[in-house]
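Please look over the chain and its ligand shown here.

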Amino acid sequence: MEKINIRRAVISDLPYLYEICLKTGDAGKDASDMFFDPYMMGQYYAAPYLVYPEGICFVAEHTHRPQGYILAVPDTINFRRWMEEQWLPPIRKRYAQPLPPELLRSEKEKRYIDIFHKSLLPIDLTAQPWLTDYPAHLHIDFLPSIQRKGIGRILIDTIFNELIQKKTPGIHLDVGSSNPGAIAFYNKTGFSTIKEHEWGLTMGKKLLH
Ligand SMILES: CC(C)(COP(=O)(O)OP(=O)(O)OC[C@H]1O[C@@H](n2cnc3c(N)ncnc32)[C@H](O)[C@@H]1OP(=O)(O)O)[C@@H](O)C(=O)NCCC(=O)NCCS
């Protein structure tokens, strides 16, 4: 099998990030049929991480193109401030109007417009106390062609090491209960549940002793 190459992501990887985000966007499965606008998911969950100055992003390349990514930020509160100040204002203008009902492909697509318009500030630390002990967060998504080959573990360890160098005390992530494979993966890579929600779990991993 052709080698899988891991490298730091660069800005010209953006189209691949949008594509991978969409193709893994339905609890790890392809969400293409759920979106009229194929870029909508990546506008929130992938692209800003690569543009954010403090973002830590790697891609896994296979057969000459990125087929997976890990995207992390060391401080979720600062990231949310940047999202509110820099990233979301033009997105909110771009998606100012709801899509006409005849174009909308799914309830999920409709919900994204609401997500774009929902303010990320102020941050309520009583509702999300884990932001203190686990200030970093991440997203990881691979196309099926490179899943279950040990690359996820390598990329998670890479992010842990980068964050330890920055003295980041911990990292968290959200995962839906409809994605048991991802929950199994996070348990295997050192995460444990810090909060159960009706939609899934917030999981965390402490990085400094
Ligand atoms: C979840 C994902 C990131 C895991 O990465 P991966 O490269 O496939 O995982 P690895 O091969 O590194 O596996 C690491 C460990 O997790 C386990 N694991 C990985 N995927 C699993 C699954 N679907 N079910 C059960 N265990 C799984 C492996 O068995 C392995 O355990 P071991 O070391 O004891 O053998 C990847 O499969 C993926 O991108 N899936 C689709 C998108 C997605 O669901 N992203 C998460 C959204 S929250």
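The points below cover the overall fold, strand pairing, the ligand shell, helix packing and backbone details.

This is a predicted model, in which local features need pLDDT of at least 70 and side-chain atom pairs count only at pLDDT 80 or more, while totals for chains, interfaces and linings use all residues. Residues are numbered from 1 along each chain as its sequence is written. The protein chain contains eight helices and seven strands; helices (H or I, at least four residues) and strands (E, at least two) are DSSP runs, numbered from the N terminus.

**Overall fold**

- The radius of gyration of the protein chain is 17 Å, which agrees with the value near 17 Å for a compact globule of 209 residues. The radius is taken over C-alpha atoms, and the globule rule is 2.2 Å times the number of residues to the power 0.38.
- Along the principal axes, the C-alpha atoms of the protein chain fill a box of roughly 50 × 50 × 30 Å.
- Of the 209 residues in the protein chain, 32% are buried. A residue is buried if 20 or more other C-beta atoms lie within 10 Å of its own, exposed if 12 or fewer, and partly exposed in between, with C-beta atoms placed from the backbone.
- Among contacts between residues at least 6 apart in sequence, 72% join residues at least 24 apart. Two residues are in contact if their C-beta atoms, placed from the backbone, lie within 7 Å.

**Strand pairing**

- Strand 4 (136-142) and strand 5 (170-176) pair in the parallel sense over two bridges. Two strands pair if DSSP finds at least two bridges between them.
- Strand 4, helix 7 and strand 5 form a right-handed β-α-β unit. A crossover is right-handed if, with the strands pointing away from the viewer, the path from the first strand over the helix to the second runs clockwise.
- Strand 5 also runs antiparallel to strand 7 (residues 200-206), with seven bridges joining them.
- His172 in strand 5 stands opposite His137, and in strand 7 the bridge partner of His172 is Gly204.
- Strand 6 (residues 192-196) and strand 7 are antiparallel and joined by four bridges. A hairpin through three residues connects strand 6 to strand 7, and Lys195 has Thr202 in strand 7 as its bridge partner.

**Ligand shell**

- There are 19 residues around the ligand, of which Gly28, Phe142, Gly152, Gly181 and Ala184 come nearest. A residue is near a molecule or strand if its C-beta atom, placed from the backbone, lies within 6 Å of it.
- Strand 4, helix 7 (151-165) and helix 8 (180-188) each give at least two residues to this shell. The largest share, five residues, is from helix 8.
- The shell is made up of seven nonpolar, seven polar and five charged residues. Here Ala, Val, Leu, Ile, Met, Phe, Trp, Tyr, Cys and Pro count as nonpolar, Asp, Glu, Lys and Arg as charged, and the others, Gly among them, as polar.

**Helix 1 and helix 2**

- Helix 1 (residues 14-23) has Tyr16, Leu17, Ile20, Cys21, Leu22 and Lys23 buried.
- These buried residues pack against helix 2 (40-45), helix 3 (47-51), strand 2 (56-62), strand 3 (65-73) and strand 4.
- Gly42 is in helix 2 and counts as buried, because it has 22 C-beta neighbours inside 10 Å.
- Leaving aside neighbours within four places in sequence, Gly42 is in contact with Leu17, Tyr18, Cys21, Leu22 and Ala47. Gly42 and Ile20 lie 22 residues apart in sequence and 8.5 Å apart in space, C-alpha to C-alpha.
- Pro15, in helix 1, counts as partly exposed, with 13 C-beta neighbours inside 10 Å. Pro15 and Pro66 are 51 residues apart in sequence and 9.7 Å apart in space, C-alpha to C-alpha.

**Backbone details**

- The Leu121 to Pro122 peptide bond is cis, with omega near -5°. Pro122 is in the loop between helix 5 (107-117) and helix 6 (130-133).
- His64 is not a glycine, yet has a positive phi of about 70°. His64 lies in the loop between strand 2 and strand 3 and counts as exposed, because it has 8 C-beta neighbours inside 10 Å.
- Lys167 is not a glycine either, and has a positive phi of about 60°. Lys167 is in the loop between helix 7 and strand 5 and is exposed, with 9 other C-beta atoms within 10 Å.
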